[in-house]
Amino acid sequence: MVEAGGNGSSAPPPATPYEKALAALSSLITKRSRADKSNRGDRFDLLFDYLKILELEEPIAQMKIIHVAGTKGKGSTCTFTESILRHCGFRTGLFTSPHLIDVRERFRLDGVDINEEKFLAYFWWCFERLEEKATDDIPMPTYFRFLALLAFKIFAAEQVDVAILEVGLGGRFDATNVVQAPVVCGISSLGYDHMEILGNTLGAIAGEKAGIFKSRVPAFTVPQPDEAMRVLEEKASRLDVPLQLVRPLDPNMLNGLKLGLEGEHQYVNAGLAIALSSTWLQRTGHLEYPEHSTSLPEQYIKGLTAKVSLQGRAQIVPDRFINSESPEDLVFYLDGAHSPESMEICARWFSHSVQPPGTSRSSHDWVQRHPIETVRKNSEQILLFNCMSVRDPQLLLPNLMKTCASHGVYFKKALFVPNTSVNHKVGSHSLPPTDSQVDLSWQFALQKVWENLMMGNKGTVREELTDDKEIAVKSCENSAVFPSLPSAIQWLRDSVRQSKSVRFQVLVTGSLHLVGDVLRFIKK
């Protein structure tokens with residue numbers, strides 16, 4: 001075999017058909033920032049040219065679509081809605097974003113990620129037709145626009161009864177908003193996120209989200225801040241949209257069962273999902289499911305309480321690779337919260353999940369989740385954190401720390417790492433830079449914010465620098481910066497092995513990219 005580059009390393013194996021598709025998909029990522037022109041509506045009309053090229057205009061017009069926008073909870077709302085309607089006997093298509101490990105997570109048929117064979121067939125069908133027709137005036141679509149077009153093709157070809165579409169970013173100029181006549185629309189909880197694109201006020205953000213409203217198409221939303229609600233109502237009034245406010249689901253309506261997704265906030269999303277599902281059923285002529293007030297149809301309860309897959313949201317994963325007597329000695333609590341509001345919700349969920357018996361009303365649940373031998377060990381909470389540089393850690397980290405502290409949970413140490421995945425390539429074949437090439441200035445800035453919070457802005461931060469790339473680059477009393485995620489996880493594993501009396505409960509948050517990286521690393 002010919003050696004590549006003359007450095008003794010062998011040439012990489014030929015790419016698999018799936019890797020070739022991911023490489024082609026990566027070629028559509030033209031910007032490394034989400035704040036590029038396509039996210040601000042640059043040539044939105046191109047999407048209709050793409051639909052014509054792919055012969056999707058009529059199939060989309062015939063599709064029975066539920067369209068959901070929002071800052072927080074839209075993915076959960078879509079997941080609940082899909083599960084309800086699937087349990088009602090309908091063939092479902094669900095399009096969500098982002099994916100955490102595999103791009104096929106974005107496309108679900110009957111609650112299951114599309115298989116590789118079907119993905120490749122539909123992918124190349126779309127890619128080759130668009131490439132063949134590409135001109136200077138109609139270039140290849142950008143990454144997310146292509147994925148949305150691919151979703152439409154998949155759902156049309158698979159003849160789903162209902163397509164549930166989660167907006168990728170914003171609403172008005174999102175690629176999913178080529179839909180002209182959805183059956184019903186939903187707006188989940190609104191908050192501050194992607195302000196560099198959507199605007200700096202809740203009113204401006206609400207205006208972008210309300211861009212999915214269509215004339216006289218019913219819409220539902222959950223309780224919102226006053227400023228946001230006013231804008232939603234104004235936009236709805238202009239389009240003659242019957243906008244209704246949905247209250248959180250009463251847990252008593254589940255007949256003693258628990259929701260399929262963890263967290264108290266999920267009752268808000270479940271309430272919205274019930275309204276969307278009921279309206280879809282009514283407007284599509286399925287009157288066998290009556291209006292409900294004090295009770296829910298059996299299919300709704302099954303859909304809401306079934307174990308559903310939404311990776312990286314309130315997900316608990318024990319580490320199976322520490323060669324410990326108990327996998328519970330190192331447990332990762334994963335939640336991709338990245339706004340001030342979602343960070344507070346994440347902190348409440350984490351605090352509730354790690355509290356031992358006697359400090360929580362769900363002591364029985366806690367004991368069931370933790371084997372008796374681990375109860376005898378001292379539990380220490382560790383934070384593993386990163387966030388995008390466009391986000392303000394002064395808004396994220398204090399919310400996290402204060403909310404956890406109010407529930408009696410205090411972090412022993414915070415670990416700051418760069419993301420492993422690169423945002424200009426798709427797939428596990430995309431290798432990150434080596435440790436020596438990584439710019440850690442942002443992680444040092446995050447560490448400084450954390451140390452100042454821990455010190456209460458008093459005293460001095462004690463730092464210890466090291467050149468050993470296998471351990472932290474800079475370790476302080478309450479935190480450490482690692483050059484890579486693998487080095488941070490190795491430190492966690494080594495620490496657990498060395499101390500037989502301690503178990504680590506690691507909250508991974510701040511970035512869905514980081515959550516995906518951790519899942520990919522600990523599951524491989």
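Which residues do ring pairs link into a cluster?

**Figure 1. A cluster of aromatic rings in the predicted model.** Ring pairs link Tyr 18, Phe 95, Phe 107, Phe 119, Phe 123, Trp 124, Phe 127, Phe 144 and Phe 146 into a cluster. The structure as a whole holds 20 aromatic pairs. Another ring, that of Trp 125, has a charged residue over its face: Lys 153 lies there, at 3.7 Å from the ring centre.

**Figure 2. Phe 482, Trp 491 and Phe 504.** A pair of aromatic rings is described by the distance of the centres and the angle of the planes. Phe 482 and Trp 491 form a tilted pair, with 6.0 Å from centre to centre and 50° between the planes. Phe 482 has a relative accessibility of 1% and therefore counts as buried. Trp 491, at 25% relative accessibility, counts as partly exposed. Trp 491 also pairs with Phe 504: the ring centres are 6.4 Å apart and the planes stand at 15°, so this pair is stacked. Trp 491 belongs to helix H17 (residues 485-498) and Phe 504 to strand S18 (residues 502-509), so the pair ties together parts that are 13 residues apart in sequence. Phe 504 is buried, with a relative accessible area of 7%.

**Figure 3. The open sheet of 8 strands.** Strands of a sheet pair through backbone hydrogen bonds, either parallel or antiparallel. In this sheet the pairing is mixed, and the strands follow the order S6-S5-S4-S7-S3-S8-S9-S10. Strand S6 (112-113) and strand S10 (243-245) are the edge strands, and each pairs on one side only. Helix H4 (residues 74-87) lies across S3, strand S4 (92-95), strand S5 (107-109) and S7. The helix runs at about 170° to S7.

**Figure 4. Strand S3 and its two neighbours.** Is strand S3 (residues 65-69) enclosed or open? Of its 5 residues, 5 are buried, so S3 is largely enclosed by the rest of the structure. In a regular strand the side chains alternate between the two faces of the sheet. Here Ile 65, His 67 and Ala 69 point one way, while Ile 66 and Val 68 point the other way. Residues pointing either way are buried. S3 runs parallel to strand S7 (residues 162-166), and 4 bridges join the two. Opposite Val 68 stands Glu 166 of S7. S3 also pairs with strand S8 (residues 184-187) in the parallel sense, over 4 bridges. In that pairing, Val 184 is the bridge partner of Ile 66.

**Figure 5. Strand S8 and its pairing with S9.** Both faces of S8 are covered. Val 184 and Gly 186 are buried on one side, and Cys 185 and Ile 187 are buried on the other. Strand S9 (residues 219-221) pairs with S8 in the parallel sense over 3 bridges. Cys 185 stands opposite Ala 219 in S9, and Ile 187 stands opposite Thr 221.

**Figure 6. Helix H12 (residues 340-354).** An α-helix has 3.6 residues a turn, so residues three or four places apart point the same way. At 1.5 Å a residue, the 15 residues of H12 should span 21 Å, and the end C-alpha atoms are 21 Å apart, which agrees. Of the 15 residues, 11 are buried, so H12 is largely enclosed by the rest of the structure. Among the buried residues are Met 343, Ile 345, Trp 349, Phe 350 and Val 354. Pro 340, Cys 346 and Ala 347 are buried too.

**Figure 7. Helix H10 (residues 266-283) and the residue Gly 285.** Just after the helix, Gly 285 takes a positive phi of about 85°.

Notes
Residues are numbered from 1 along each chain as its sequence is written. This is a predicted model: local features need pLDDT of at least 70, side-chain atom pairs count only at pLDDT 80 or more; totals for chains, interfaces and linings use all residues. Side-chain values use heavy atoms; hydrogens and water are left out. Buried means under 20% relative accessible area, exposed over 50%, partly exposed in between (1.4 Å probe, protein chains only). Two strands pair if DSSP finds at least two bridges between them. Contact means heavy atoms within 4.5 Å. Axes are lines fitted to C-alpha atoms, for helices over the stretch in contact, and angles run from 0 to 180 degrees between N-to-C directions. Rings of Phe, Tyr and Trp (its six-membered ring) pair if their centres lie within 6.5 Å; planes under 30 degrees apart count as stacked, over 60 as edge-to-face and the rest as tilted. A charge sits over a ring if NZ of Lys or CZ of Arg is within 6 Å of the ring centre and within 35 degrees of the ring normal. The expected span of a helix is 1.5 Å times one less than its number of residues.
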